[in-house]
Each structure stands twice: as C-alpha cells, then as structure tokens.
Amino acid sequence: PPAARGGKRSRPFDFQQHVYNQSHPDIAAFLERLRALTDSYGGRFTLAEVGGDHALGEMQAFTAGDRRLNSAYGFDFLYADQLTAELVTRVARNWPEEAGWPTWAFENHDAPRAISRWADDHDRDRVARVKMLLLCSLRGSIILYQGEELGLPQVDVPFDQLQDPEAIANWPLTLSRDGARTPMPWTSEGTNLGFSTARPWLPAGEDHARLAIAEQQATRDSLLNFTRTCLQLRSVHPALHHGSLRIREAGEQLLVFDREVAGERLRCSFNLSASAIEVPHTDGSELISVGEADATRFAPWSAIIEKLD
C-alpha cells in the first residue's frame with residue numbers, strides 16, 4: 001500500500017508502507033536454520049543488517065541466544081551529523097549485555113565519510129585519531145571501511161562522473177554515495193595515485209595524495225600506524241575485546257566509560273569537542289592517549305585510556 005503523504009521521499013521504496021515485504025514473523029525461525037548451516041562449517045560469523053521502523057527490536061530478536069545470527073550491524077553512527085557523548089551513551093543503553101552482541105561502523109559505502117561529517121578542516125587529524133580510538137574501545141565487533149584508516153575525507157564527485165544509479169536518478173535530491181567510494185590512494189604520485197593504470201570508475205580525491213598509504217607507511221606517527229596501534233591494543237586487552245561497558249560520565253564535551261572483564265578494568269575518557277576541559281583526576285596508568293590529555297586537563301579532541309588497579 002502507498003505511504004502517507006509528506007516527508008522527504010526520493011526512491012520508490014519510500015512511497016510504500018512495508019507491511020508485506022519486511023519484518024515477516026518467520027524470519028527468526030529461518031535464521032535458526034541458517035545459523036545451523038553456517039555452524040556446520042565452523043569458524044563462521046554471521047551478521048544481520050536490519051532496517052525499518054522497528055530495526056532495534058528486530059536486530060536483537062534476530063541475534064538472541066546462540067541459535068540465530070552472531071551479531072547485528074548498527075547504523076547509529078553512520079548518518080550522525082556529530083560525534084557526541086549522548087550518541088555513544090544511547091548506543092550503550094540500547095545494547096546492554098543481555099541484549100546481545102552488536103557490531104559498529106563509523107563509515108561504510110552508503111554513508112558520507114565520518115571525518116567530513118564530524119570535523120572541520122583544521123581538526124581533521126585530531127578527530128580522526130579520537131574517533132579511531134573510540135571505535136576500538138566500544139563493546140561489540142567493529143568494522144573499518146576502506147580508507148578510514150588513512151583519514152580520507154569525502155570526495156565531491158561531479159554529476160557527469162557519478163556512478164551511483166540512485167543519485168543519478170534522483171539528482172539533486174539524493175546525496176551521492178560515490179564520494180565515499182573513490183579509489184584507494186596507494187601512492188602520492190603516479191597515475192590515479194597508484195590504484196590503476198586504467199581509468200578507474202571514480203576519480204581519486206584531490207586531497208587524497210598526501211594521505212596515501214606509501215606516505216603514511218613511512219611516517220611513524222601517521223593515522224595509519226596509529227590505527228594499527230589501536231587495533232593491537234584492542235586485541236591484547238580482554239576488557240576492550242569482550243568486556244562490559246559502563247558509562248561513567250556523558251556531558252556536552254566529556255565522555256567517560258569503563259571497560260571491564262575479570263581481572264582487568266580500563267577507563268576510557270574522551271573530549272569530543274573543540275574546546276579544552278578540566279577532568280577529574282584518576283590514579284590509572286596510561287595505556288594510550290591522543291592529543292594533549294593528562295590527569296587534570298584535556299585539550300580539544302583528545303583522549304586517554306588508563307588501566308585501573
């Protein structure tokens with residue numbers, strides 16, 4: 001049946017009420033059959049992608065227990081205009097331990113690059129590092145999108161070079177997804193930044209050359225190498241890998257939460273703003289930090305993870 005009038009609509013999908021083609025009551029039972037099949041192969045991880053008006057409840061229903069899918073892909077960060085303590089708190093509240101095991105991404109092939117949504121030009125490097133450390137600190141599985149580890153910003157692809165059929169059909173009502181799908185910059189020089197000697201399906205970003213892999217590989221404190229450090233930290237600390245998450249403080253600037261598992265408790269503190277803030281003192285030992293963060297003061301877009309006794 002047709003959807004009610006009003007609201008922003010640009011796709012045929014948006015003009016329908018999805019009462020017969022989504023949220024079928026037998027989906028959960030089907031997923032149990034699917035999980036039984038994937039488990040028979042061993043070492044498989046199944047991930048739900050759920051949309052619609054009742055997505056959160058269905059995500060948790062489709063991953064409940066150990067007979068359905070292993071996890072569900074959360075969209076909370078993908079279209080957020082700002083990275084805030086309130087957003088992280090809401091995510092944590094919606095996914096308590098008893099609700100299951102979520103999966104988080106800050107960027108993907110359908111959403112504008114997070115660094116372009118969340119940072120001004122002069123803050124990009126700091127924001128990129130803080131958001132990477134935050135992603136690696138969240139409870140759940142995490143997904144990095146190609147180029148996110150380089151800090152690639154969104155590319156403004158001109159209409160005559162668009163490939164996204166939805167954006168072409170609905171121009172200019174629909175934001176093109178092609179700006180996040182541009183070629184990976186392997187080198188700062190050469191044809192198409194080392195991606196291909198042939199013409200790629202989309203143009204490389206004009207400001208992507210300085211962020212190329214070859215450039216960042218050779219720079220010890222690059223975002224690429226910082227990303228590897230964050231992933232390694234998550235891997236070696238059980239509290240970050242599979243521990244609980246408890247919000248301690250969530251203000252307009254400061255976000256503090258603890259990750260804990262038997263034998264280890266870590267305090268994760270983030271200044272998610274462009275202004276410095278005073279912070280309460282802790283007696284923890286620093287594991288990693290971003291920007292100028294110490295026991296009493298956090299500079300703009302800074303963070304620290306400490307191990308508590």
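Arg265 is partly exposed, with a relative accessible area of 24%, where partly exposed covers the range between buried (under 20% relative accessible area) and exposed (over 50%), computed with a 1.4 Å probe and with protein chains only. The side chain of Arg265 meets that of Asp258 in a salt bridge, at 3.3 Å from N to O; a salt bridge here is a side-chain nitrogen of Lys or Arg within 4 Å of a carboxyl oxygen of Asp or Glu. The model is a predicted one, in which local features need pLDDT of at least 70 and side-chain atom pairs count only at pLDDT 80 or more, while totals for chains, interfaces and linings use all residues. Residues are numbered from 1 along each chain as its sequence is written, and side-chain values use heavy atoms, with hydrogens and water left out.

**Salt bridges**

Side chains of opposite charge can pair when their charged atoms come close. The structure holds 19 salt bridges, and three of them are set out below.

| Asp258 | Arg265 | 3.3 Å |

Asp258 is buried, with a relative accessible area of 2%, whereas Arg248 is partly exposed at 40%. Glu32 is itself partly exposed, with a relative accessible area of 22%.

Not counting residues up to four places away in sequence, Leu133 touches Phe226, Cys230, Phe270, Ile288, Val290, Ala303 and Ile305, contact meaning heavy atoms within 4.5 Å.

Helix α5 also holds Arg129, which at 15% relative accessibility counts as buried. A polar atom of the Arg129 side chain lies 2.4 Å from the backbone oxygen of Asp221. With neighbours within four places in sequence left aside, Arg129 is in contact with Asp221, Ser222, Leu223, Phe226 and Val290.

In helix α3 (residues 85-94), Ala85, Leu87, Val88, Thr89 and Val91 are buried, and what covers the buried residues of α3 includes β3 (102-105), α5, β5 (244-250) and β6 (254-261). Helix α2 (residues 55-62) contains Gln60, whose contacts, leaving aside neighbours within four places in sequence, are Asn94, Trp95 and Ala99. Gln60 and Glu98 are 38 residues apart in sequence and 9.7 Å apart in space, C-alpha to C-alpha.

Phe30 lies in helix α1 (residues 27-39) and counts as partly exposed, at 43% relative accessibility. Phe30, Leu34, Leu37 and Tyr41 form a nonpolar patch on the surface, with about 410 Å² of accessible area together. Patches are made of residues with over 30% relative accessible area and no salt bridge, with like charges joined within 9 Å and nonpolar side chains (Val, Leu, Ile, Met, Phe, Trp, Tyr) within 5 Å; accessible areas come from the Shrake-Rupley method with a 1.4 Å probe, and for residues only the protein chains shown count as cover.

**Backbone geometry**

Most residues other than glycine have a negative phi, and most peptide bonds are trans. Ser23, in the segment before α1, has a positive phi of about 60° although it is not a glycine, and Ser23 is partly exposed at 36% relative accessible area. Trp301 has a phi near 45°, likewise a positive value in a residue other than glycine; Trp301 is found in the loop between β10 (297-298) and β11 (302-308) and is buried, with a relative accessible area of 6%. The peptide bond from Trp171 to Pro172 is cis, with omega near 0°, and Pro172 lies in the loop between α6 (165-169) and α7 (213-217).

Note on methods
Helix = DSSP H or I, 4+ residues; strand = E, 2+ residues; numbered from the N terminus. Polar contact = N/O pair within 3.5 Å; in protein donor to acceptor, adjacent residues only side chain to side chain.
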